[in-house]
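This briefing reviews the ligand site, the salt bridges and selected backbone and surface features of one protein model. The sequence and structure come first, and the points are grouped by topic.

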Amino acid sequence: MNKKPSIIMDIEGNNCIFNKEANKVFNLDLLDDIRELFPDIYLDKDMESQNCIKKNTKISYPINLTLFKNTNHWLIEIKDSLECQWDEFVKCQRLLHVLFLDLISINSEKDLYKTLIIKARKILNIDRIGILLFDSQNGKIKGTWGTNRWGEVVDQSSYEGYLAEKDSYKESLDFKNYAVYNHDTYLYDDGEIIGRGWNTKSIFYAGQKPVGWISCDNSISKKPLPIWKKEILGELARMTGEFLFNLRLENHLKSEVEKKTVKLNKTIQELKETQDNLIEAEKLASIGSLISGVAHEINTPIGVALTGVSHIEETTKDLMEKIDGGRLKKKDLDIFVNDSLYSSTLCVSSLKRAGELVNIFKQLSVDQESTNNEELNLSELVENVLLSIKYSTKLNGIKVETDIDKNINFIGNPKSFYQILTNLINNSIVHGFINIPKPLIKISGRIISGKIDVNYSDNGVGIPKKLHKKVFEPFYTTKRNQGNTGLGLNIIYNSVLKQGGKISIKDHKDKGTQFNIQFNI
Ligand SMILES: Nc1ncnc2c1ncn2[C@@H]1O[C@H](COP(=O)(O)OP(=O)(O)OP(=O)(O)O)[C@@H](O)[C@H]1O
Ligand SMILES: [Mg+2]
């Protein structure tokens with residue numbers, strides 16, 4: 001608990017709170033006297049009744065004015081070293097308040113020193129004032145801003161002197177935030193004596209570190225230094241240190257944030273590049289596996305056809321030799337004809353299969369139908385597809401239930417939609433409905449979150465969860481030996497993607513398989 005008399009006040013002087021000790025010290029009517037101090041002050045009713053200050057009470061003097069870090073409040077504490085009158089306390093407090101109000105918005109050290117000199121001269125009415133900084137590494141002291149012998153504010157950043165020559169420097173360090181005072185001494189400007197008078201030196205600290213000092217003198221007006229003003233000069237040093245500390249902290253944080261942001265942006269960029277590379281690698285890999293799949297599929301029928309043709313070639317050569325040697329018998333001719341017929345039938349069917357495969361592979365190209373888009377109604381489209389394959393569903397005893405919003409219209413390719421639906425139904429028949437007593441297909445369509453949401457489900461054997469992604473890969477099939485190529489779902493996947501949509505298998509507890517397709521209207 002702070003037992004010192006203290007007041008907390010916001011930076012504009014609009015509001016203040018006194019602690020109990022401050023109430024005991026002051027016996028003034030808050031409304032009149034604090035308002036006199038800060039004309040714009042606002043005090044709410046509660047505060048008015050709680051806090052009263054006695055006028056003309058002898059109060060402890062001077063004050064400590066501390067800016068709370070990261071807030072807009074001052075802590076005004078009354079030091080108990082010296083005695084003074086309320087009027088002087090008011091004067092002192094007001095001057096410091098006005099002075100530091102101007103420093104709040106400053107965000108560079110250079111501006112801080114310059115503004116401080118200008119304001120201190122104007123507000124505190126000091127003849128000459130200068131701020132010097134320690135360069136302890138090199139044992140030097142460096143100028144910032146100050147006033148020349150005529151009291152004009154000048155840039156003194158080129159000034160450098162040796163600390164060793166400043167004999168009073170070490171002992172001044174002990175007087176942290178206190179104006180060390182020479183009441184009658186030589187006064188200098190640019191190394192030249194310009195007269196005699198008082199001068200002060202107040203060391204200021206940023207945190208625990210002494211940073212520099214503020215020098216003042218009366219070389220122009222020769223006026224004596226009132227005791228309250230001397231105290232104010234000590235206070236000025238303390239607050240300069242505080243401002244500097246806050247400013248350095250703020251700038252340090254800013255530069256740290258900037259550094260981190262640069263690093264973060266670099267990482268994001270790298271991640272993006274990695275992602276692009278991965279996508280490219282993925283594309284290449286899928287093209288690679290597609291090509292090897294196509295090659296593998298085509299290879300089989302072509303291989304069979306090649307064997308058939310080679311066999312015909314051999315038997316024909318055999319036959320010719322027999323003819324040339326006059327050894328041909330009717331039996332040989334019969335065998336040859338039968339053999340040739342068998343082989344050429346095999347060749348024809350194999351080459352037909354190769355032709356079919358080529359047609360299927362063509363569908364893998366997602367660009368093929370881009371020009372055939374038209375306005376479609378989802379409900380009508382599904383009914384038309386179902387009608388066209390009614391024979392097949394009826395033959396397999398399949399019941400199809402639809403629940404589709406009649407008002408879903410969209411631009412799309414009817415052919416690719418037909419292909420998607422027939423492929424799904426075909427899969428249900430071929431893979432799903434194995435020993436299923438009442439095969440059922442359900443198709444629903446809704447608009448959900450501005451997207452067309454279609455659910456296709458069957459009550460078949462289902463697809464194990466671990467294969468939910470795999471089945472969309474080209475050439476994945478569980479029925480290769482029955483003539484399936486494993487391209488159906490991959491073609492669907494690419495068509496949906498081309499329409500700007502996505503397809504997935506829903507993870508659900510019911511029996512069967514459920515596909516969810518979403519695409520834009
Ligand atoms: N409705 C379904 N029920 C159970 N399994 C399914 C269903 N649909 C697809 N599958 C599984 O997914 C695999 C891949 O299906 P996809 O349509 O891509 O190939 P396919 O039907 O085997 O061959 P293709 O369609 O080229 O004739 C199938 O082999 C099957 O194992
Ligand atoms: Mg299929």
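The model is predicted. Its ligand 1 is surrounded by 18 residues, and its salt bridges number 22.

**Ligand site**

- Among the 18 residues that surround ligand 1, the closest are Asn427, His431, Thr477, Thr478 and Thr485.
- The side chain of asparagine 427 places an N or O atom 2.8 Å from an oxygen atom of ligand 1.
- Aspartate 458 has a polar side-chain atom 2.9 Å from a nitrogen atom of ligand 1.
- Glycine 488 takes part through its backbone, with an N or O atom 3.2 Å from an oxygen atom of ligand 1.
- The protein buries 91% of the 590 Å² that ligand 1 exposes when taken alone.
- By residue class, the shell around ligand 1 comprises 12 polar residues, five nonpolar residues and one charged residue.
- Two helices, helix 11 (414-432) and helix 12 (488-498), each contribute at least two residues to this shell.
- Helix 11 makes the greatest contribution to the shell, with four residues.

**Helix 12 and its end**

- Helix 12 has as its buried residues Leu489, Asn490, Ile491, Ile492, Asn494, Ser495 and Val496.

- Aspartate 184 and arginine 196 form a salt bridge through their side chains, with an N to O distance of 3.3 Å.
- This pair links distant parts of the chain, since aspartate 184 belongs to strand 9 (residues 179-189) and arginine 196 to strand 10 (residues 192-206), 12 residues apart.
- Both partners count as partly exposed: aspartate 184 has a relative accessible area of 43%, and arginine 196 has a relative accessibility of 38%.
- In the salt bridge of aspartate 403 with arginine 446, the closest N and O atoms are 2.8 Å apart.
- Aspartate 403 is in strand 13 (residues 399-404) and arginine 446 in strand 15 (residues 440-448), so this pair ties together parts that are 43 residues apart in sequence.
- Aspartate 403 is partly exposed at 42% relative accessibility, and arginine 446 is partly exposed at 35%.

- Arginine 238 and glutamate 242 form a salt bridge whose closest N and O atoms are 2.9 Å apart.
- Both residues lie in helix 7, four residues apart, or about one turn of the helix.
- An α-helix has 3.6 residues a turn, so residues three or four places apart point the same way.
- Buried means under 20% relative accessible area; glutamate 242 therefore counts as buried at 18%, and arginine 238 therefore counts as buried at 14%.

**A salt-bridge network**

- Salt bridges link Arg128, Arg149, Asp189, Glu192 and Asp217 in a network.

- Most residues other than glycine have a negative phi.
- Aspartate 190 is a residue other than glycine with a positive phi, near 55°.
- Serine 449 occupies the loop between strand 15 and strand 16 (451-458) and counts as exposed at 74% relative accessibility.

**Nonpolar surface patch**

- Ile323, Leu328, Leu333 and Val337 make up a nonpolar patch on the surface, and together they have about 320 Å² of accessible area.
- One of these residues, isoleucine 323, belongs to helix 7 (residues 227-324).
- Isoleucine 323 is partly exposed, its relative accessible area being 48%.
- Patch residues need over 30% relative accessible area, so isoleucine 323, at 48%, passes that cut-off.

Key:
Residues are numbered from 1 along each chain as its sequence is written. Chains are lettered from A and ligands numbered from 1 in the order in which they are written. This is a predicted model: local features need pLDDT of at least 70, side-chain atom pairs count only at pLDDT 80 or more; totals for chains, interfaces and linings use all residues. Side-chain values use heavy atoms; hydrogens and water are left out. A residue is near a molecule or strand if one of its heavy atoms lies within 4 Å of it. A polar contact is a pair of N or O atoms within 3.5 Å; within protein, one must be able to donate a hydrogen and the other to accept it, and residues adjacent in sequence count only if both atoms are side-chain atoms. Accessible areas come from the Shrake-Rupley method with a 1.4 Å probe; for residues, only the protein chains shown count as cover. Ala, Val, Leu, Ile, Met, Phe, Trp, Tyr, Cys and Pro count as nonpolar, Asp, Glu, Lys and Arg as charged, and the others, Gly among them, as polar. Patches are made of residues with over 30% relative accessible area and no salt bridge: like charges are joined within 9 Å, nonpolar side chains (Val, Leu, Ile, Met, Phe, Trp, Tyr) within 5 Å. A salt bridge is a side-chain nitrogen of Lys or Arg within 4 Å of a carboxyl oxygen of Asp or Glu. Buried means under 20% relative accessible area, exposed over 50%, partly exposed in between (1.4 Å probe, protein chains only).
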